[in-house]
Amino acid sequence: MLLIVQTEMYFDRSDAEKNLDALLLIACGILAVSKIMWFRIRPAGLISNFTSAVKDYNDLEDQEKRAIMRMHAYMGRVVSGSVIIFAYVATVLFMIVPVLAGVEEEDIFNVTEEGVPDYPMPSEYVMELIKMPDNLYFIVFIIECLMRLLVSTGNLGSDSLFFGITFHLCGQVEILKLDFNRLGNENERTMEHFIVLIKRHVYLLNLAKMLNETISSILIVQLFASCILICTTGFQFILDLSVGNIVMAIKTFIVLSTLLVQLFAYSYVGEYLKLQMEGVGDSVYFCSWYDIPTSIAKDIIYVIMRSQDPVSLNAGKFFTVNMETYMSILKTSMSYLSVLRVMVNA
């Protein structure tokens, strides 16, 4: 697919709209391949978290704690489902827009040759180059539709796996906070129980670090690609509105919304993980520390200090992925689009 789209861009540089569509496909294809390959190259973090999740579900019998786990599993499904649904809607729109729009009028932004059939992917010149028979148009159309769905699944399917594991980890941190909050004077068992909770805290921190190391390199590529696609897609949206191309403007708006939803999902998950890790210190502080032995109460300070430096999702070694990062990207992108809008309207 990437070869077809790149060849099409090489042969047809005059159609800005199709070139932007091709850029979107290339970026999504590279992201899908990168995620699948990287998760295969460095699976240790995902395997450790998945194995821990299976063990947690098998060993846990407390109904309140199981309710917490089910709630976080539901949160993971909601986030993953929302991202995938948005992606599939955008993919379907890309497929049916050429059929709904028909042959567009020639203008300075969209120059098409009369009689050339439209495909779900920019591939008209490639099909002419290989002399594809017209009677195979429907078969090629279906194959390209499946290729687009495959790219969406590869891209967002990997995200869904990551979101599900991360929310389960957050659920385990929530259970740990509940155990710390219940910490009280149990005589000789207090120290033993406190040591168990400390070991559990260290174990969850290590799982979070492994998960961050697995996804860190992918996140830097994801954020870089998202920033470029948001700006280019937004620029295409401005051009479509300026020439009155409502059908393409709707398609571009859906794609832009999908990109923002995907970026928001990563930012929300990163923010939620950070808040959960920080909340461990608060739960220890609000426990009945005044009723437990002094030797244990002194050790609580170290738990609070460790919680003040939480594990978070990092994009490489450059910045943390959270809602602050999301808002910063939005502000920068909107500023860029505002300048382009002034240039177009000038």
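How far apart should the ends of helix α3 lie at 1.5 Å a residue, and what is the distance between its end C-alpha atoms? The section on helix α3 gives the answer.

## Overview

This is a predicted model. The chain holds ten helices and two strands. From the N terminus, the order of elements is α-α-α-α-α-α-α-α-α-β-β-α. The chain has 346 residues, and 47% of them count as buried.

## Helix α3

Helix α3 takes in residues 44-59, which makes 16 residues. At 1.5 Å a residue, α3 should span 22 Å.

Which residues of α3 are buried? They are Gly-45, Leu-46, Asn-49, Ser-52, Ala-53 and Asp-56. Viewed down the axis of α3, these buried residues fall within an arc of 135 degrees, so they line one face of the helix. An α-helix has 3.6 residues a turn, so residues three or four places apart point the same way. The other side of α3 carries exposed residues: Ile-47, Phe-50, Lys-55 and Asn-58.

## Helix α9

Helix α9 covers residues 294-307, 14 residues in total. From first C-alpha to last, α9 reaches 21 Å. That is close to the 20 Å expected at 1.5 Å a residue.

Four names make up the buried set of α9: Ile-296, Ile-300, Val-303 and Ser-307. These residues cover an arc of only 65 degrees around the axis, which puts them on the same side of α9. Which exposed residues sit on the face of α9 turned away from its buried side? Thr-294, Lys-298, Tyr-302 and Met-305 do.

## The largest cavity

Rolling a probe the size of a water molecule over the atoms shows where empty space is left. In this model, the count comes to four cavities of 30 Å³ or more. The largest cavity holds about 260 Å³ of space.

How many residues line the largest cavity? There are 17. Nearest its centre lie Cys-28, Ala-87, Ala-90, Thr-91 and Ser-152. Four helices each supply at least two residues of this lining: α2 (16-41), α4 (63-101), α6 (137-181) and α8 (246-285). By type, the lining of the largest cavity divides into eleven nonpolar residues, five polar and one charged.

## The second largest pocket

The second largest pocket has a volume of about 340 Å³. Its lining is made of 15 residues. Asp-56, Leu-60, Gln-172, Asp-179 and Arg-200 lie nearest its centre. Asp-56 is also among the buried residues of α3.

Which helix gives the most to the lining of the second largest pocket? α7 does, with five residues. α3, α6 and α7 (188-243) each supply at least two. The lining of this pocket divides into six nonpolar residues, three polar and six charged.

## Cysteines

The structure holds zero disulfides. Is Cys-170 buried or exposed? Cys-170 has 1% relative accessibility, so Cys-170 counts as buried. Cys-227 has 27% relative accessibility and therefore counts as partly exposed. Buried means under 20% and exposed over 50%, so 27% falls in between.

## Pairs across the sequence

Gly-234 lies in helix α7. Gly-234 counts as buried because its relative accessibility is 2%. Gly-234 and Leu-256 are 22 residues apart in sequence, and their C-alpha atoms are 6.8 Å apart in space. Gly-279 is found in helix α8. With a relative accessible area of 9%, Gly-279 is buried. From Gly-279 to Ile-304 there are 25 residues in sequence and 9.3 Å in space, C-alpha to C-alpha.

Asn-181 lies in helix α6. At 38% relative accessibility, Asn-181 counts as partly exposed. How many residues apart in sequence are Asn-181 and Val-284? They are 103 residues apart in sequence, with 5.9 Å between them in space, C-alpha to C-alpha.

Notes:
Residues are numbered from 1 along each chain as its sequence is written. This is a predicted model: local features need pLDDT of at least 70, side-chain atom pairs count only at pLDDT 80 or more; totals for chains, interfaces and linings use all residues. Side-chain values use heavy atoms; hydrogens and water are left out. On a 1 Å grid over the protein atoms alone, a cavity is a set of points where a 1.4 Å probe fits but cannot get out, and a pocket is an open set with protein on both sides within 12 Å along at least five of seven lines; lining residues have an atom within 4 Å of a point. Grid points are joined across faces, edges and corners, and a volume is the space filled by probe spheres set on the points. Ala, Val, Leu, Ile, Met, Phe, Trp, Tyr, Cys and Pro count as nonpolar, Asp, Glu, Lys and Arg as charged, and the others, Gly among them, as polar. The expected span of a helix is 1.5 Å times one less than its number of residues. Buried means under 20% relative accessible area, exposed over 50%, partly exposed in between (1.4 Å probe, protein chains only). The arc is that of the directions from the helix axis to the C-beta atoms. A disulfide is a pair of cysteine sulfur atoms within 2.5 Å.
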